[in-house]
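Please bring up the two chains on screen. A short exchange about them follows once they are shown.

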Amino acid sequence: MTFRRYLVLAGVSVFAVIGDSLVSRGMRQAGGISLHSLPSIVLTVFRPEVALGVFFLLAFFACYTSALSWADLTYVLPATSVSFILLTLVAKFILHENVSLARWLGVLLISIGVGVVTQGPALTHPAKAPKAECLGAPASARLEP
Amino acid sequence: MSQLYAWSAVASIVFSSTAGDVLLSRGMKQVGDVAVLRRQAGLATVVARVLRNPNFVLGVSAMAVAFYAMLFGLSWADVSLVIPASTSLTFVTNAIAAKFFLHERVDQRRWLAALLVAGGVVLLAL
C-alpha cells in the first residue's frame with residue numbers, strides 16, 4: 001500500500017460524507033416522495049444542495065472505482081467505513097449534536113474493524129495473489145500476505 | 001403494513017447495492033489498476049475502458065436501482081430503520097457475495113472487519 005492509495009481510500013470516505021450530507025439536507029427540504037409522483041424524484045436532482053451533493057458523490061465514485069481496480073471489495077468496504085466515524089465527529093464537533101454512548105461504541109467497533117482489515121493484504125484475488133489455493137488448509141493459513 | 005414496506009425497501013436496497021458492488025468490483029478488476037493504466041495510456045483511455053466494461057455498466061445500473069429504492073424507502077419509512085438496517089446488512093451480504101462471486105479470500109480477518117463495521121453501524125443509529 002502506497003501513500004497515494006491511502007489518499008484514494010481517504011477520498012472515498014471524505015467525499016461520501018460531504019455528498020451524503022448535502023443530498024440528505026436537500027432531500028429533507030424536498031419533503032416526501034411517493035410512487036404517484038415519479039417525475040418529482042427526477043426533479044429533486046436539480047435542487048442546488050442535491051446537485052452539489054451529487055457532484056461530491058461523483059468524486060466519491062471515481063475514488064471508489066479506482067480503489068476497486070487494485071483492492072478487494074471486502075477490503076475497500078470496511079476500510080472506507082471511516083466515513084461513519086467522520087460523520088459522528090462532524091455531528092459532535094461541527095453540528096454540536098448530542099452523541100450518545102452507544103454511538104461512540106459504534107465508532108469504536110468501526111475503528112477496530114478498519115484497523116483489522118487494513119492490517120491485512122488489500123488484494124487476495126486469485127488472478128493476482130500468489131498461489132495458495134489449497135482448499136484443505138485452514139482459512140488463516142491461506143491468508144498471509 | 002408500514003413494517004412490510006420498510007423491510008421490503010431494506011431488502012431491495014441490500015440486494016441491488018450488493019449486486020452493484022460485486023459487478024463494479026469485477027468490472028474494475030477486468031480494467032486493471034487505473035493508476036498504472038493512466039500512466040501508460042492516458043486518462044481518456046482509462047475512462048473509455050471503464051465505461052465500455054459491461055460489468056461496470058451493469059454495476060452502475062444496479063447502484064442506481066439501489067439509490068432509488070433508498071429514496072422510496074425513505075419516503076415510506078423511518079430513516080433510523082431503513083438506512084442503518086440496509087447499510088449494515090450490505091457489509092455482510094457483500095462479504096458473502098465477494099467470496100462466492102469474486103472468489104476473494106474472505107478469511108477471519110475480513111469477516112471480523114465486516115461484522116465489526118456492521119455492528120458499529122447499527123450502534124450509530126441508536
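Residues are numbered from 1 along each chain as its sequence is written, while chains are lettered from A and ligands numbered from 1 in the order in which they are written. This is a predicted model: local features need pLDDT of at least 70, side-chain atom pairs count only at pLDDT 80 or more, and totals for chains, interfaces and linings use all residues.

Visitor: What pLDDT does chain A average?
Guide: pLDDT is the predictor's confidence in each residue, from 0 to 100. In chain A, 80% of the residues score at least 70. Over residues 128-145 of chain A, pLDDT stays under 50. The chain A average is 81.

Visitor: How many helices does chain B have?
Guide: Helices (H or I, at least four residues) and strands (E, at least two) are DSSP runs, numbered from the N terminus. Chain B reads α-α-α-α-α-α along its sequence. Strands come to 0 and helices to 6.

Visitor: What share of chain B counts as buried?
Guide: A residue is buried if 20 or more other C-beta atoms lie within 10 Å of its own, exposed if 12 or fewer, and partly exposed in between; C-beta atoms are placed from the backbone. Chain B has 126 residues. The buried share is 47%.

Visitor: Which element gives the most to the side of chain B that touches chain A?
Guide: Two residues are in contact if their C-beta atoms, placed from the backbone, lie within 7 Å. The contact takes 38 residues from chain B and 37 residues from chain A. On the chain B side, α1 (2-31), α4 (54-76), α5 (79-101) and α6 (108-124) give two or more residues. With 13 residues, the top contributor is α6(B).

Visitor: Which element of chain B do the buried residues of α5(A) pack against?
Guide: Those buried residues are A:V82, A:S83 and A:F84. Within chain A, they pack against α1 (3-30) and α6 (101-119). From chain B, the partner is α6.

Visitor: How far apart are the end C-alpha atoms of helix α5 (residues 82-93) of chain A?
Guide: The expected span of a helix is 1.5 Å times one less than its number of residues. Helix α5 of chain A has 12 residues, so it should span 16 Å. The model agrees, with its end C-alpha atoms apart by 16 Å.

Visitor: Is A:F61 buried or partly exposed?
Guide: A:F61 sits in helix α3 (residues 48-68) of chain A. Because A:F61 has 18 C-beta neighbours inside 10 Å, its class is partly exposed.
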